[in-house]
Each structure stands twice: as structure tokens, then as C-alpha cells.
Amino acid sequence: MPASTTKSLRVAVLADSDTRWKWGSLTASRVCPADSDIRLDGFLLRGRATPTARQLEEVGVRADSLREVTAVEFLRELGKEDCPYDMVVLSLVGGAVQAVLHGLARAWDGRTKRPLVVTGYVGVVYEKLADGLLLRHGADLVLANSRQDADRFRAVYEGVGADAGSVTEVALPFLGGAVYPENDPSVEQGRRPRTVVFAAQPSVPESRKDRTYLLDRLIRHARLHPDREVLLKLRSRPGEHTTHIEELPYQKLVQKADPPANFRLVYGHMGEVLDRTDLLVTVSSTAALESLHRRIPTVVLSDLGVREALGNHHFVGSGCLASWDQLDTGHRPVPDAAWVARQGVAADGSYETAFDTARRRITELLTADELPPLAPYYTPVTAPGYLPGILARHHLGPDGSPLPGAPAADREPSPVRQFVRRAARGAYRHGVQRVAPVIRRMGEL
């Protein structure tokens with residue numbers, strides 16, 4: 001029997017929320033060479049948004065191992081002389097990426113062989129472009145989810161004199177699914193029920209007034225169209241956190257409403273919900289790109305204005321902006337083909353080739369005799385008033401070394417420590433969802 005030509009590749013994914021775990025793990029499988037046998041080890045960064053078991057199950061991505069760590073614990077694991085990993089995917093908020101990059105740079109100082117480091121964004125980049133990008137600079141590859149993002153990323157790096165060679169165009173790794181039947185001639189027309197889905201977001205919009213308005217309009221749409229199934233797709237259950245903090249969950253707001261029988265709340269994998277969606281409505285969720293990829297009619301709401309604070313300004317030129325008044329009277333949006341193409345939404349069937357460039361670059365770097373030291377743009381020289389604070393939040397000193405008292409990685413937390421940690425996390429979530437809104441309302445009196 002001939003020897004197998006499959007190459008074993010061990011990948012570590014460090015993520016700080018359910019959404020970023022989904023992006024990081026799927027990205028790892030998309031960009032690894034096609035002939036690789038991948039072992040995926042997941043590390044969940046301990047914090048307010050550490051995903052629950054239910055959230056991980058909903059993402060649907062399986063890892064060969066999965067455990068919760070602090071940044072210092074992760075760095076100690078990766079800094080071992082016998083570190084087994086070929087590639088590391090940092091799927092984190094920008095500050096955490098920067099801290100881990102500096103920690104890895106110190107841990108691997110002087111080594112001729114080290115793992116390849118990849119990072120990027122979980123979805124649409126509509127705010128803090130320069131800040132987030134510069135905090136990610138220093139990785140071997142900074143992935144851009146579209147042609148538009150790749151152009152913007154390079155412009156930012158080149159504009160500050162940083163090396164832009166790491167920017168690599170890909171696409172969102174979780175796109176896929178069946179093409180919407182009305183746009184697929186091979187599928188019998190009209191076989192699906194009319195289903196309208198509103199993709200909710202944890203922090204957009206923020207105010208009770210705006211969130212109540214959107215809920216009221218969704219319920220009104222259900223009443224106006226009793227023949228339609230109207231679904232409110234929620235990201236998390238009360239008490240769970242995602243990438244963004246949700247102070248006013250729709251589950252609580254709907255308790256004061258009186259929705260009709262054809263309106264209901266749904267959870268679960270977004271792809272499974274889209275399988276039965278005839279119209280996707282959102283303010284600015286990445287779900288809009290998933291929907292457009294499948295050619296499902298998609299609307300980005302303009303009711304609350306087209307504003308940077310909402311993120312729907314990203315969809316200017318898409319042809320998808322519309323209001324509930326228009327939807328209630330039967331409006332069907334027609335997306336602009338040129339805009340869609342620049343967003344990495346390969347509705348033309350070219351999606352599978354979107355990761356080819358990244359695969360080639362990763363193959364070249366993995367087979368190189370050695371990789372250069374990690375060199376983030378931010379250093380104690382270029383950002384002496386900014387970088388130390390970012391590193392300190394993750395128990396790292398200005399040189400990337402662990403500060404005294406940082407948690408150890410060679411032992412499991414004691415039962416008391418685990419109890420205190422759970423209690424503290426519960427108190428934090430209670431403060432965010434109950435206490436903070438009350439204080440804010442008192443401040444408005």
C-alpha cells in the first residue's frame with residue numbers, strides 16, 4: 001500500500017466569544033492547504049463573553065480539544081520548547097490580539113522556527129478601522145473578508161508607514177448553503193412558506209426606545225400579513241454574552257407586547273434559519289451578507305437613519321436599504337451586483353476560490369526554512385502612552401513578559417477559585433443587564 005501524502009497540520013485557535021470562535025475555527029479549515037490532515041485545538045479566552053456550552057453547540061464547529069485559558073496561560077502553552085502547533089489563529093478583539101502578539105514575540109525571541117500567526121475580523125468592519133487594524137498588525141497574515149476591506153486595510157498600513165504585506169483577501173468563512181429557490185431555476189417555484197426573519201443584534205441599536213420601535217414594527221408586520229411566519233432570530237439567551245454586550249434583550253421587551261400567533265422567537269444556527277427564509281431583515285448584521293450570498297431577498301433597515309453608530313452606513317450602495325413602511329407594502333429589494341462582488345459575497349459561484357491566495361501564502365510560509373520575528377507596528381517607542389495599558393489588561397509588562405502574580409498554567413483552578421470566577425461573571429452580567437440601565441435612566445432625569 002502506498003504511503004499517505006496527507007500532511008498533518010496542528011492548529012491552535014484562540015477566541016474570546018462564540019462568534020469569534022466560529023470565525024476562527026472555520027477560517028482555520030478554509031485556509032489550510034487542501035491536502036492537510038488538520039488537528040484543531042481550541043482555546044477560549046476567559047472573560048465576560050466566554051461562550052457557554054449551549055453557544056458552542058449552536059456554532060456547530062467541533063474541535064479536537066477545547067479549554068478555557070487566560071492570555072498568560074495561552075502564551076505559556078505556546079512558548080514551550082516543544083510547542084506542537086504549525087499555525088495559530090487569533091480570533092479576538094483588537095487589544096487582545098496586540099497583547100498576544102507581543103507575548104508571542106517575546107516567547108519566541110531567538111527561535112528560528114515558530115508557528116505561523118493569522119488574524120482578522122469576524123465580520124463587517126464599519127467602525128474603529130485604523131485602531132482595530134493597527135492592533136492586529138504584526139501577525140503573518142491579516143485576513144480581509146472582501147476586496148473592499150483588503151484595499152482599506154492596505155491603505156491604513158501604508159498610511160502610517162507599516163508593512164502591508166500581511167493583508168490577504170479572503171471571504172467570510174461561514175458563507176454557504178442552498179441558493180434561494182426563486183433564484184434557482186432547478187427548484188420548483190413557490191414550494192416554501194412565506195417566512196420573514198429579523199436578525200437581531202446585541203448592541204445595535206442600543207436604546208430601549210429604538211429596540212422597542214423595531215420590535216413593534218416586526219409585530220405589526222406579522223399582524224398585517226397573517227399568512228407569513230415572522231421570526232425574531234436571537235443571538236443569545238438571557239444571561240449569555242456574545243461579542244457585544246446586550247443590555248436590553250428582546251426576550252424581555254417582547255414580554256410586554258402582545259404578538260400574534262404567526263410571530264415567534266427563534267435561536268439556533270443562522271444557516272439553518274436561512275434555509276427557510278424568504279426575506280431577511282436586519283439593521284446591520286453580518287447575517288445580511290450570508291443572506292445575500294444565498295440570493296435571499298435582504299433588507300437593511302433605514303427606519304432609524306443611515307448612521308455610522310448603527311453600522312448600516314456600510315450598506316450604502318448595496319440596493320438593500322429600505323424601511324418597514326416599504327416592506328409592509330410589498331417592497332422587494334434588488335441588490336447591486338457590483339457592490340455585492342466587492343463585499344466578498346460570491347453569489348456567482350466563485351466562493352470556493354476566495355481562499356486560494358491565503359492557502360498559497362500559508363503553504364509558502366509553512367514550508368519556509370524560518371519565519372521572521374513577529375514585529376507589531378505598536379512598540380514602546382511608537383506608542384509609549386497606549387501600548388503598556390493594552391498589555392497590562394492581559395497581565396503583560398511593556399516587553400510582553402507576564403507580570404508578577406499572573407495566573408499559572410500548570411494547574412487547574414481550585415474549586416474555590418472556580419466558584420468565585422462564576423460568581424464574579426454572574427455579577428458582571430447582572431450589572432450590565434439590570435443595574436447599568438437603571439443608572440443610565442437616573443442620569444437622564
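This is a predicted model: local features need pLDDT of at least 70, side-chain atom pairs count only at pLDDT 80 or more; totals for chains, interfaces and linings use all residues.
Residues are numbered from 1 along each chain as its sequence is written, and side-chain values use heavy atoms, with hydrogens and water left out.

The largest cavity has a volume of about 70 Å³. Among the residues that line the largest cavity are Asn145, Asp149, Leu172, His314 and Gln343, lining residues being those with an atom within 4 Å of a point. By class, this lining has three nonpolar, five polar and one charged residues, with Ala, Val, Leu, Ile, Met, Phe, Trp, Tyr, Cys and Pro counted as nonpolar, Asp, Glu, Lys and Arg as charged, and the others, Gly among them, as polar.

Let me turn to the backbone. Most residues other than glycine have a negative phi, and most peptide bonds are trans. The bond from Val204 to Pro205, however, is cis, with omega near -10°, and Pro205 is found in the loop between β8 (195-199) and α7 (208-224); helices (H or I, at least four residues) and strands (E, at least two) are DSSP runs, numbered from the N terminus.

Arg295, in the loop between α10 (287-293) and β12 (298-301), has a positive phi near 65°. His395, which sits in the loop between α14 (387-392) and α15 (415-443), also has a positive phi, of about 60°. Arg295 is partly exposed at 37% relative accessible area, and His395 is partly exposed at 40%, on a scale where buried means under 20%, exposed over 50%, and partly exposed in between (1.4 Å probe, protein chains only).

Finally, Pro33 lies in the loop between α1 (18-31) and β2 (36-45) and is buried, with a relative accessible area of 14%. Leaving aside neighbours within four places in sequence, Pro33 is in contact (heavy atoms within 4.5 Å) with Leu9, Ile362 and Thr363. The C-alpha atoms of Pro33 and Phe355 are separated by 10.0 Å, although these residues are 322 residues apart along the chain.

Methods:
On a 1 Å grid over the protein atoms alone, a cavity is a set of points where a 1.4 Å probe fits but cannot get out, and a pocket is an open set with protein on both sides within 12 Å along at least five of seven lines; lining residues have an atom within 4 Å of a point. Grid points are joined across faces, edges and corners, and a volume is the space filled by probe spheres set on the points.
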